[in-house]
Amino acid sequence: MSSGPQAQVTLAPPAPVFARRTLADRESVLGPLMLAPALVYVILLVGVPFVLAILLSFSSATAGSLDFNWVGLRNFTRLLSDPQFHRALGNTLRFMLVSQVLVMVLAVTAAHVLDAAFVGKRLVRSLLLLPWAAPVALASMAWVWIFDSTFSVVNWTLKVLGLLPGWLYWFGEPGLATVAIITVHVWRMFPFATVIVLAGMSAIPQDIREAAVVDGAGFFRRLFHVNLPMLLPVVTVAVLFGVVFTATDFSVVWLLTRGGPYNSTHVLATLAFQRGILGANLGEGAAVALFLLPVLLVAAVVMLRLARRAEVGT
């Protein structure tokens, strides 16, 4: 052993575990990179057509012509004095309001039924999603046969039960055609709203439900004083989605009635298609399509604020 002073040992710093940073480690770059495809998709398929529609609504552009003359608000002022536009706007609001009231009543009812324990609940929940999962065109064509003037299942069923005094021509009378369209809208949107309400019910604390039962609250008291107040943010979002989908829907009305009979069931979407594409008046068609946009934006802002307040309040 050496009798001299103990030699100092210098320890080298440990080697880094990751000597080289990869793209997965650079969150500031990875985040925008992963969002880029979705952003490009929205810009190309939503943003560009939206800006083009705004430009067309202030022009006299027609199909088959490259002329683009700026006319200002002329297309919109013409619509304000157009009786057919007034009817289409009224139909849009009527379909939207009536169908959403029925959808939410049925959705809340079905959600409370499906929240209970019973045999076959999973099967029923799976079957509930079929109307929402079915292609719109295929489902609408099936409803065309259901309401057919000759082979209507509804008519024959009512006739067998003795509840049909006269034959119903569903697509031949404006009132019956309106009922048929609202029925299909409710059938289509009802599963989506039910799933949203079910998700909201699962978020209600179980101790609150149990406390209401212990306090002796009946079903309707629990419904109106516990469940619905706590479901208000979720129900508001469901109504918002339903309003937007119904107000902008084109497929159901066009496939069922094509705006008939006598243009009595046109909504803004089908009227815009008739004027802009079939009628080749692109400027007027774009003006019809954009007319309800400010109303929907205001409704969306108001409903989201109500949902936010209700969520904070709970």
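Is Leu 45 buried or exposed, and what is its relative accessibility? At 53% relative accessibility, Leu 45 counts as exposed, where exposed means over 50% relative accessible area, buried under 20%, and partly exposed in between, with a 1.4 Å probe and protein chains only.

Before I go on, please keep in mind that this is a predicted model, in which local features need pLDDT of at least 70 and side-chain atom pairs count only at pLDDT 80 or more, while totals for chains, interfaces and linings use all residues. Residues are numbered from 1 along each chain as its sequence is written, and side-chain values use heavy atoms, with hydrogens and water left out.

Leu 45 lies in helix α1, residues 27–57, and helices here are DSSP runs of H or I with at least four residues, numbered from the N terminus.

Finally, the rings: a search of the whole structure finds 17 aromatic pairs, meaning rings of Phe, Tyr and Trp (its six-membered ring) with centres within 6.5 Å, called stacked if the planes are under 30 degrees apart, edge-to-face if over 60, and tilted otherwise. Trp 132 and Phe 245 form a tilted pair, 6.2 Å centre to centre with 35° between the planes.

Methods
Helices (H or I, at least four residues) and strands (E, at least two) are DSSP runs, numbered from the N terminus.
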